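User: I would like to learn how to read strands, helices and contacts in a model. Please take me through a case.

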Amino acid sequence: MGILEVKDVGKRFGGLQALSDVNLSVKENSVHAIIGPNGAGKSTLLNCLVGKLIPDTGSVMFDGQSVLGRVPHEINQMGISRVFQTPEIFGDLTVLENMMIPCFAKRDGHFRMHAVRNMMADREIVEKAEAMLVDMNMADKKGMHSASMSRGDKRRLEIGMCLAQEPRLLLLDEPTAGMARADTNNTIDLLKQISDEREITIAIIEHDMHVVFSLANRITVLAQGTPLVEDNPENIRGNPKVREAYLGETA
Amino acid sequence: MLGLNNKKDFTLLLVVAALTLLAPFVLNPFPSDSAMAQFNAGYPDLMQRFVIFGIFAVGFNILFGLTGYLSFGHAAFLGVGSYASVWMFKLLSYNIVPAILLAVVMASIFALLIGYVSLRRSGIYFSILTLAFAQMSFALAYSVLSNPKFNLTNGETGLQVYANDPQVFHRAGLPDVPHLFGLSMRSTYTMDVGAWSFSFNVGYYISAIVLLLVFYLAIRIFRSPFGMMLRAIKSNQTRMSYTGLNPRPYTLAAFVISGAYAGLAGGLMAAMDPLAGAERMQWTASGEVVLMTILGGTGTLIGPILGAGFIKYFENIFSKINDTVLHQWFAFMPDGMEDFMVFVIKPFVGKGWNLTLGIMFMLVVIFLPGGLVEGGQRLGKWIKNRGKSKDSPAKTEPAE
Amino acid sequence: MDAILLQILNGLDKGSAYALIALGLTLIFGTLGVVNFAHGALFMLGAFCAVTLSKLLQLSFVTIDATKKDFLGNPLKVETPYVEAWFGPEIGASIIDWAVPLSILLAIPVMIAVGLIMERGLIKHFYKREHADQILVTFGLAIVLQEVIKYYFGANPIQTPPPDALTGVANLGAWFGFDLPYPIWRIVYFSFAALVIFGVFAFLQFTTFGMVVRAGMADRETVGLLGINIDRRFTIMFAIAAAVAGLAGVMYAPINPPNYHMGMDFLVLSFVVVVVGGMGSLPGAVAAGFLLGILESFASTTWATTTIPGINQIIIYVVAIIVLLTRPRGLMGRKGVMED
């Protein structure tokens, strides 16, 4: 049993069958990549996992519990964090404040009213957030307005914010899209480090084969809304069906 | 100090405290028989308006400034507060304590109901919904809840205290106007110093102390985790939900808090003058508090108070200017010039104050979205940079 | 039966006004993505076009008729409107009589000009700003417009009668064998509104221009990529929406004597209409406009107001709240339109 079990999931938009019969099992503490050509349904699948979309058929189980019918913040509280294609951070807030919010969410749940207590007086939260910034190599940026950072730094902050919640599953949606090569390599190193040092499962949707083969130890190939094959990277590389459906396009 | 571990916040609180407590002096800089006396603002009822609208705007800013949810219906809560207070005067006594308490409670309940429905949507929808609710409350107060069978608001006339009202706790010896355990809101001590005359009014000082308390509370809210969550909602709701936080209870809490502030302002208004009318709930009144907040500086602590003071001051000055005054001003000009100047300025003063207000509204939104606070900061920076050499980089300071 | 029919008819004139304003709001909103709080003021400006023209037409010069005396025994001063002097008394008098319908000719260019100036001069700069800023600046503009009108025309409503031929009451029921008296001007208003609505829809449906605008409402970016200058079309669309609101106002002048705050009164209700109909849905705006107008008319019957006093004042809001709670997108709202 994997930590995330997707069974027979189907999703239809009007006349378009975006997903059909998707079965997927993500093993605990693995790095699982989901790849596929444009329009293969990768993003739709991801949205079904985090509660943004509700699949028409099938089931999605996380750690033995169904996520279907739950809204995004509930699913997040179950232990699934998501990194977006374009970094979603709190642009009006400072870097430290950005990092404090997930710390509050982890400790206090989806809503708690601390209306008169000074937020900086909450040492537990501030220290945790600062430690996380050190981990992310961003301690020097803590007072910065987060919107004014580079894209690579925003990405780093977003990943850090997700980790601050100590999730069991980290979902990444094309984390290196639109990044320069150096930033891409930094992100790969960061993710490698995360999966080595933490008890965490990573599921990654990616277009860039370089990223996929440097990180993943399990790969699912999605084509036309349905999984083509699921295997380890070596076998995927040699699989003729995959070459035809996907690698053939880019080669 | 006082739990404010940011030195700037404490200084700000001290400044506001000094300004409000010394207002009778600060606002009356001109001798009472001089020509400039018309620019004095140290009259009890005007000073009361400054602080009461300040309270209203400070509360509105907790919602709009922090979460970015633009409510166009906050006057409804102010109206509810006023009606609740006057009812307390009618039923219990002229003591303002139960009246203001009920005002806050009723306004909060209203805000909870209206907020619960309106906050199901955001952006434009939210603004339209709050506007519709406020207009509905206005219609309810103006006509629906004022009929022979069930008269809650006394319609067009407005709710007021009559001699045959029960007033069960009223005793002989207590003043026949709103009072605080016998201390009449209207009692005023006038101090004459040379040509100057300063008025110290009980109602004003009570309102001012309330303003200081709720301003202090607002600072605490701004600096609290709750305040940070509200700013996070304004910044990025998607990230908020994907961080396991539910934005709705946070926004609802902010809505209710700002509604309670409005109710408090409404209650104080009734405490200064025991009368409540439906026009207090109209959309123009809601628009006014939006304008005060924006003019002062949305999302800043001091902005709403500045905005409220600014608007109420100029409303008072502008409304007093009429043809005669204008002709006096321009009397030094040749006749044709004089008439021309009067002709040009006249639409904007006296009854034309609303036109000036509308133009100011547009100018601020277009050119100075950060309001007076941003204007002040820009000015300060400009002066600083002029003094310094050009190579020192401009430091961006967070708006306070 | 005839009582019900009468209430439906009574709702049509207000419903027409709601529908026309809501139609313009939706057009602006759908194409430009801007909520125009000054749209009610455009309606009001239309009504004051009618007031202005009828005042202009009544401009007179004074002659002294020495043959007649007034009650003080002085020579009688006779005021002759210039139009009567120019076109002869009969034609002149009928021009004055028909001032309101004639105002349409004045209102169209005036309102188009106002719309163009507004969009190019103000709204254009707010496309990229927050919705809150758009609301605020148009709200400010609405205040300015209504205060300017108040300054020149005063605060009191100004009676603007319809032409003599169209005053009075027609018995609509006579054709069906029962009594159903109904003011003629309201029939005119409804027919006029229907014509304008039909015109707007036909324009959007059958012209290339309309096709591009509809496509732009659905997906602005793609249409922009096709190399079509969508912005200029949207500017024209704004002018058309302004003209529609203005026309609604012109013809409404005889029903409700224009005053400076009529725009805001209608605007709030028209917003509710748009929300009920479904943001971004043109048929929804029209349908909801008539529906709520009729509903309001039913709520104004003596029976309704004695059962629940003042129900006519709040019925629209109550309906809006129920609709929003049960169908958050409105009656005909599309998914994805203003979902934020």
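User: How many bridges join strand β7 of chain A to β8(A)?

Analyst: Strands of a sheet pair through backbone hydrogen bonds, either parallel or antiparallel. Two strands count as paired if DSSP finds at least two bridges between them. Here 5 bridges join β7(A) (residues 169–173) to β8(A), and the two run parallel. Leu171(A) has Ala203(A) in β8(A) as its bridge partner. Between β7(A) and β8(A) the chain passes through helix α6 (residues 181–197) of chain A, in a right-handed β-α-β crossover. Right-handed means that, with the strands pointing away from the viewer, the path from the first strand over the helix to the second runs clockwise. Helices (H or I, at least four residues) and strands (E, at least two) are DSSP runs, numbered from the N terminus.

User: Before we go on, what kind of model is this, and how is it numbered?

Analyst: It is a predicted model: local features need pLDDT of at least 70, side-chain atom pairs count only at pLDDT 80 or more, and totals for chains, interfaces and linings use all residues. Residues are numbered from 1 along each chain as its sequence is written, while chains are lettered from A and ligands numbered from 1 in the order in which they are written.

User: Which strand pairs with β8(A) over 4 bridges?

Analyst: Strand β3 (residues 31–35) of chain A does, in the parallel sense. His32(A) stands opposite Ala203(A) there.

User: Is β8(A) enclosed or open?

Analyst: Count neighbours. A residue is buried if 20 or more other C-beta atoms lie within 10 Å of its own, exposed if 12 or fewer, and partly exposed in between; C-beta atoms are placed from the backbone. In β8 (residues 201–205) of chain A, 5 of the 5 residues are buried, so the strand is largely enclosed by the rest of the structure. Thr201(A), Ala203(A) and Ile205(A) point one way, Ile202(A) and Ile204(A) the other, and all are buried.

User: What is the strand order in the antiparallel open sheet of chain A?

Analyst: The order is β2-β1-β4-β5, with 4 strands. At the edges stand β2 (16–26) and β5 (65–66), each with a single partner strand, so one side of each has no neighbour in the sheet. β1 (residues 4–13) of chain A pairs with β2(A) over 7 bridges. Within that pairing, Glu5(A) has Ser25(A) as its bridge partner.

User: How do I check a helix, say α6 of chain B?

Analyst: Compare its span with the expected one, 1.5 Å times one less than its number of residues. The 22 residues of α6(B) (residues 123–144) should span 32 Å, and its end C-alpha atoms are 30 Å apart, which agrees. In α6(B), 19 of the 22 residues are buried, so it is largely enclosed by the rest of the structure.

User: How many residues of chain C are in contact with chain B?

Analyst: Residues are in contact if their C-beta atoms, placed from the backbone, lie within 7 Å. By that rule, 31 residues of chain C touch 36 residues of chain B. α6 (131–153) of chain C gives the largest share of the chain C side, 14 residues. That side divides into 24 nonpolar, 4 polar and 3 charged residues. Ala, Val, Leu, Ile, Met, Phe, Trp, Tyr, Cys and Pro count as nonpolar, Asp, Glu, Lys and Arg as charged, and the others, Gly among them, as polar.

Notes: Contact = placed C-beta atoms within 7 Å.
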